[in-house]
Amino acid sequence: MAVPWLVLLLALPVFFLGVFVWAVFEHFLTADVPATMEQRTKLRALHCVFLYLLTLGNILEKLGICSMPKFVRFLHDSMRIKKDPELRVTDLRFGTIPVRLFQPKAASSRLRRGIIFYHGGGSVFGSLDCYHGLCNHLARETDSVLLMIGYRMVPDHHSPALCHDCMNASIYFLKALETYGVDPSRVVVCGEGIGGAAAATVTQALVGRSDLPRIRAQVLISPVVQVFCLQLPSFQQNRNVPFLSQKFMVTVLCNYLAIDLSWRDAILNGSCVPPDVWKKYDKWLSPDNIPKKFKKRGFQPWSPDPFNEAAYLETKHMLDVEVSSLLADDEIIAQLPEAFLGMIFEKLRICPMPQFVCFMQDLQLLKYDPDVVVTDLRFGTIPVKLYQPKASSCTLKPGIVYYHGGGGAIGSLKTHHGICSHLCKESDSVVLAVGYRKLPKYKFPVPIRDCLVATIHFLKSLHAYGVDPARVVVCGDSLGGEIATVVCQKLVNTPDLPRIRAQILIYATFQVLDIQTPSFQQRKNIPMLNWSFTSYCFYHFLDISPSWHEVIMKGAHLPTKVWEKYRKWLGPENIPERFKRGYRQKPHEPVNEAAYLELSVVLDVMCSPLIAEDDIVSQLPEACIVSCEYDILRDSSLLYKKRLEDLGVPVTWHHVEDGFHGVLNTLDMKFLYFPSSTRILNMLTHFIKGL
């Protein structure tokens, strides 16, 4: 009896060593570790261990002892969890769903940010214990209350169990935020890998749920947002990269979706999807949507194999939006939290948020009006786009110089193409759109200088474009409206140039001294331009440290003499009573000298044109000012309107009761179109034709 046990005892080390040698051989035969990757030796060693554990798990599964996923999860859940003295960690159950709550121990005078975290692992690996360290760091470093959700996984549970668990636990948490000291306006969903897919799906599913707090943002870390087009550049280039090879990913995908592995080739060659489906989603899945720099290495254009209907019938649930959230309808995607990938790309140092958002905005195809001739030009190094009515005319036309909005962070010639095209056609004018330099590389006052230079260039060559020198209008929305104002002020005393006939200022920014006006208090959480994005643009555009946030909110960034000097223009008494519902005037705290030294840029008239001297403002041309009720910047327009009127400058004012910041950009957005955008366009057209 002792002999068999002795043989087994001696055989086990040989068996484990043999499995490890096999894993090492498999790594060097199949894995591709790019030469550009850092610490390649460490990565190879880690991958060998990974393959070793997978191989052991597969052997145990073949022997009927336990499944491979359960074996691997047992091993990584055996790791000792380190306790953080700064956090309180509690294991709970929301119904039957296990969750782990991370709460900072330090007392806080206000409600904290909430993070809902969905772990990765392809529904095969990963667990609350496996991701404990990451969530611990997130909760501590961001001073947030973090809830990590432990969902059901394969082999016992398949799709859509994961999404249902994540959805149910998220709703449970959203309904009990007060219990955990979480600010309902700052709830973020976050996920990695398949957890990123869950975060995207949950956010989409909760769009329009008025009974729940709105998700503030979604942080998606290498998310799986589509699973049926597996020949994109990264799939071809990284098919043998360690940890998530193409073969392993397809295996995990089939297990998660309960698809027979015999359909693996049909999934890879695309024959499991009908031609009409490929055509429908090509606009989102085409490699043309991917920047060229990601296609340089080893990408070969690809087309799917002939359609296999039998494969389609068994795999068509890959097209469900719960599985491929990229395929959700436009009206859902359009309502998602802003910059849903941009900020995480910035945090990971992949690319800055403004650059990412501009890239996404500029993917849109431009619609050209047959009645308008559009020409791309450069005035020196500044890109401009010229819009001219196609119909010939024996008379000179009005000229409009348009400066787009976007807070110096987003917006471009493309995003405002539709607006400029409509303006050109409807007002029978020549429109010049200026493409100025923006964040992250260029800050104040570079965009304003670019616009001023381009405007002067245009004013000196009006005859070349058939423009009447007596009817030149400057026009802009948001930051572009501020730029239009500054350009007007700068050109007041330039007798060598044609005089600007009028200024059209659409929900513009005219001052950044006081951010406690009624509209800032009332509209700080309004979509499209909430306080979070406003402050992002404010700090980055003016190159101010966000660490001064609390000082600015208290008004302690400027001395009393400054507040007194400009009170006659900034005081709330300049705003009509009907706009001050729920407003509470807050006294300014004593000045913080260090803050004042760093923030005095807000007193520059190129930054706050509202505070320009009387002798400049009184010479400005007549103005058309558009304000929107649901806009954090509403009061800026009201204050500037009064300033102009007090100095005798004619003002045509249009207040859009159902409008919001950026609504004009919905002109050509079909079912995302808002009627108030057409009303604004008609107002502008009527004003221009009356000049």
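Guide: Two strands pair if DSSP finds at least two bridges between them; helices (H or I, at least four residues) and strands (E, at least two) are DSSP runs numbered from the N terminus. The model is predicted, with local features needing pLDDT of at least 70 and side-chain atom pairs pLDDT 80 or more, while totals for chains, interfaces and linings use all residues. Residues are numbered from 1 along each chain as its sequence is written, and side-chain values use heavy atoms, without hydrogens and water.

Visitor: Which strands are at the edges of the open sheet of six strands?

Guide: The order in this sheet is β1-β2-β4-β3-β5-β6, and the pairing is mixed. Two strands pair on one side only: β1 (87-94) and β6 (217-221).

Visitor: In β5, what is the bridge partner of Gly114?

Guide: Strand β3 (residues 112-118) pairs with strand β5 (residues 182-192) in the parallel sense, over six bridges. Within β5, Gly114 has as its bridge partner Val187.

Visitor: Why is one side of β7 and of β14 left without a neighbour in the sheet?

Guide: The open sheet of eight strands runs β7-β8-β10-β9-β11-β12-β13-β14, with mixed pairing. Strands β7 (372-379) and β14 (651-660) stand at its edges, so one side of each lacks a neighbour, as each has a single partner strand.

Visitor: In β14, which residue is the bridge partner of Val626?

Guide: Strand β13 (residues 622-630) and β14 are joined in the parallel sense over seven bridges. The β14 residue that partners Val626 is His654.

Visitor: Which members of the largest nonpolar core touch the most other members?

Guide: A nonpolar core is a set of buried (under 20% relative accessible area) Ala, Val, Leu, Ile, Met, Phe, Trp, Tyr and Cys residues joined through side-chain atoms within 4.5 Å. A second, separate core has 62 residues, including Phe235 and Leu285. In the largest core, of 81 residues, the members that touch the most others are Tyr403, Val434, Phe458 and Leu542.

Visitor: With which residues is Phe458 in contact, leaving aside neighbours within four places in sequence?

Guide: Phe458 is one of the buried residues of α16, a helix of 14 residues (446-459). Contact means heavy atoms within 4.5 Å. Its partners are Phe379, Leu386, Val401, Val430, Leu432, Tyr465 and Val467.

Visitor: What is the relative accessible area of Arg523?

Guide: Arg523 lies in the loop between α18 (518-522) and α19 (531-541). Not counting residues up to four places away in sequence, Arg523 touches several residues, among them Arg581, Glu629 and Asp631. Arg523 is buried, and its relative accessible area is 7%.

Key
Buried < 20%, exposed > 50% of the residue type's maximum accessible area, 1.4 Å probe, protein only. Expected span 1.5 Å × (residues − 1).
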